[in-house]
Each structure stands twice: as C-alpha cells, then as structure tokens.
Amino acid sequence: MLRRFTGIIIAAATMLAASTAAQAQTGTPITIGFSMPLTGGLAVNGTSGLLAMQIWAEDTNAKGGLLGRPVKLVYYDDQTNPSLVPGIYTKLLDVDKVDLVVSAYGTNVTAPALPVVIQHNKTFIGLFAMDVNEEFRYPKYFSMLPVGPDPRAAISEGFFEIVKAHKEKLGLKTIALAVDDGEATRNTADGARVNLKKAGLQVVYDKTYPPTTTDFTPIIRAIQAKNPDIVYLASYPPDSVGLIRAMHELGLNTKICCGTMTGPQSTSIKTSLGPMLNGIITFRLLAAGAEITFPWRDGISAALSAAGGRQGGRPARLLSGAMGLCRSAGPGEAVEQTKSLDQDKIADYIRSHTFKTVIGDVEFGEKVSGKKHD
C-alpha cells in the first residue's frame, strides 16, 4: 500500500511539474513541418518516425517548450509517394509557414524534399536517407544515418565481408543483382558494386525493376537461370516481401542471399514471413550497448514501451525510434542554445557541436561540417 501511495504522489508531482511548465509557455507555437509515409510501402517505418517526433514534442512541451513557446508539429502523409513530397514541403513553407522543417523517414521521400528546402534556404535534417545530399552538398543539410562518410558502400560492407570470409570454402565466384529502381536502392546498389569488385566476384545478372512491381516470379526465374553463387537484392519493404515469397515459391538455389533488403528488420514483416526468413543475410542497424537509456527524461522509456498501442500493438522499432528522437532533439537544442530561429545560426550550431543523445554522442561529419575525421 505504501509503495502504491508513493507512486501516486510521484505521479501527481510529475503532472504538476508538467502543468507548471506548460503554463510558462506563451506566444504562438514554434512549428515544425514534415511529411511522413504513414501509408504505402514505408508506413511500417514511417509510423515509428512520427511516434518519435510526437514523443519529443510532448516531452519538450512538458518542460516548457522552446524559447518559452510551445512546439507544434505540422505533418502530412506522403503515402510513400515521392511525387507528392515537393508539393507537401512547398505547402509547409509557403502556406503553413512553419519555422523549422525536418525530413520524412527514408531516402525516397527525403530526396525530393531537398530541392524545395534549398530554395527556401532552410536547415534540414534527414532521417535514414541514403546520401541524398551528394549532388547538392547543401551546407544546411544534416543526415541521421549511422553508416559513416561513405554510406553507399558502408551499408553492404558487412554482407560482402561474410562473402569474402566464405569465398574459398563455398566456392563463391558469381553474383546476381536485382535492384528496386528507387533513390535509396539505387544508391545502395552503387555501393554494392564497389564492394563486389573488391571481393573479386563476377556479375552474371544486374537489372533494376520498377518500384510498382507486384509479381516477382519473373525476376527470380531470370536470376535462377544464371545460377549465381550469390544473390544481392536492394529492395524496399513491399518488394522485399514479394521477393522472399517468390524465392520460396520457386525454390531459388543459391549459396548466399540477400544483400540490403529493407523490411525484414521490422517486427510486422518478421511475423508475416516467419521461417521464410531463415538463411537470409541482410543488414540491421542497432544502437551500441545492451540497451537504450533516456537520461534526460525518465518517462520516455516507458513512453516508447507503451507506444505499441499507437502502432497496432507493436513496440517502437529500437533504432528508428531512437534516431527519430535524436533527429528532433538536435534542432531543438540548437534553437534553445542560440535563442533564435535563424536558419544559419541553427545550422552553425548543429555543425559545430556534439549532442548528448539516447544512442550516445552524435556529431556530424566532414560532408557538412568541414571537419576531418580522426
């Protein structure tokens, strides 16, 4: 009984502190705009990205907001459709007149936003976007993607390290590549082609397929006809599922598969495919250490655990949710520390500071900061 009563007192005190902080907020909200794939092929990841933003906004407002003003999120479902993204960001900046913008979750729906953001001279932080700033080198773009300064090659390095380690034993000589013709998967395949040359492999099949593809049996049949030792697939969630099902339906015979498939990392896809995932080698991004802790606010750990109800009963994905929190906290800290919404000041702060985050210390590398890596 005493424990329960103590818990009630603590909860009441927490609520009172949050209420006091909320009352301290005055003026119009600071608005943060973004698109997010809440439907379509990337929705399995986009819901985690939105959840992270909502948790950060709730936590920030409970502590008094930014610059003494409440934070308000303004977002639209981009439906995992890149063609909708430029219009969404134009509306956010020209009609909604948001103070800050951040990206959606994923490369394909971040890349088309960048030219609009550049035109408006805004600071922009991407979330799991694969090398979208390579062409523009826009100095106010920052990428939350934990794969280092050469992301295209880095994402498949682990796969090809496994190949090289077993090359002689398994007689691995030939490789087939099937690539979704989207921004993310083309970029990762570019890196894979660099890595396969280093591994001394012969390419016997290398073709792209439209992102709208629904029948993957012709692709698997074409690959099987080449009888490759290794199959490398660069795919997004819907086609990852379709490819894996087609592989099992047709009985693909290969020694090592499957490269950088996005989707099998997600709980819902793991559940739907079950044993069909056995034997598949692909990437997974995990935070360093045994668990993620939330030092600046004790309630966030519980919030992430409880958030399963907002995602159809699924818990938030570990690194995607944490990275989303970090992505939100960065510009928030920059606004507070510079006492400004000036985009140049915010970018300069992000570029020159190390952030204490739930996944450890985060700083941005030489592509945006000009700093040399140690």
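Guide: Let's begin with a term: a salt bridge is a side-chain nitrogen of Lys or Arg within 4 Å of a carboxyl oxygen of Asp or Glu. You are looking at a predicted model, in which local features need pLDDT of at least 70 and side-chain atom pairs count only at pLDDT 80 or more, while totals for chains, interfaces and linings use all residues. Residues are numbered from 1 along each chain as its sequence is written, and side-chain values use heavy atoms, with hydrogens and water left out.

Across the whole structure, the search turns up 13 salt bridges. One of them joins Asp96 to Lys91, whose closest N and O atoms are 3.2 Å apart. To place such residues, we call them buried under 20% relative accessible area, exposed over 50%, and partly exposed in between (1.4 Å probe, protein chains only). Asp96, at 27%, is partly exposed, and Lys91, at 33%, is partly exposed too.

Another salt bridge brings the side chains of Asp344 and Lys140 together, 2.9 Å from N to O. Asp344 belongs to helix α12 (residues 343-352) and Lys140 to the loop between β4 (124-127) and β5, so this contact ties together parts that are 204 residues apart in sequence. Those names come from DSSP runs: helices are H or I runs of at least four residues, strands are E runs of at least two, and both are numbered from the N terminus. With 38% relative accessibility, Asp344 is partly exposed, whereas Lys140 is buried at 9%.

Now to helix α5, where Lys164 and Glu161 sit 3 residues apart, about one helical turn. Their side chains form a salt bridge of 3.1 Å, N to O. Lys164 is partly exposed at 38%, and Glu161 is partly exposed at 45%. Elsewhere, salt bridges that share partners link Asp131, Arg152, Asp190, Arg193 and Asp206 into one network.

Next come the rings. Those of Phe, Tyr and Trp (its six-membered ring) pair if their centres lie within 6.5 Å; planes under 30 degrees apart are stacked, over 60 edge-to-face, and the rest tilted. The whole structure holds 10 aromatic pairs. In one of them, the centres of Phe142 and Phe364 are 5.2 Å apart with planes at 65°, so the pair is edge-to-face. It links distant parts of the chain, 222 residues apart: Phe142 is in strand β5 (residues 141-144), and Phe364 in the loop between β11 (360-362) and α13 (366-369). Both Phe142 and Phe364 are buried.

Phe160 and Tyr232 make a stacked pair, 6.0 Å centre to centre with 25° between the planes. Phe160 lies in helix α5 (residues 151-170) and Tyr232 in strand β8 (residues 230-235), so the pair ties together parts 72 residues apart in sequence. Phe160 is buried at 2% relative accessibility, and Tyr232 is buried at 0%. There is also an aromatic cluster formed by Tyr89, Phe124 and Tyr141.

Strand β8 brings us to a sheet. Two strands pair if DSSP finds at least two bridges between them. Here 4 strands form an open sheet in the order β7-β6-β8-β9, with parallel pairing. β7 (202-209) and β9 (256-261) are at the edges with a single partner strand each, so one side of each has no neighbour in the sheet. On average, neighbouring strands are turned by 15° against each other, direction ignored. For such angles, axes are lines fitted to C-alpha atoms, for helices over the stretch in contact, and angles run from 0 to 180 degrees between N-to-C directions.

Within this sheet, β6 (residues 174-180) and β8 are parallel partners over 5 bridges. Ala176 has Val231 as its bridge partner in β8.
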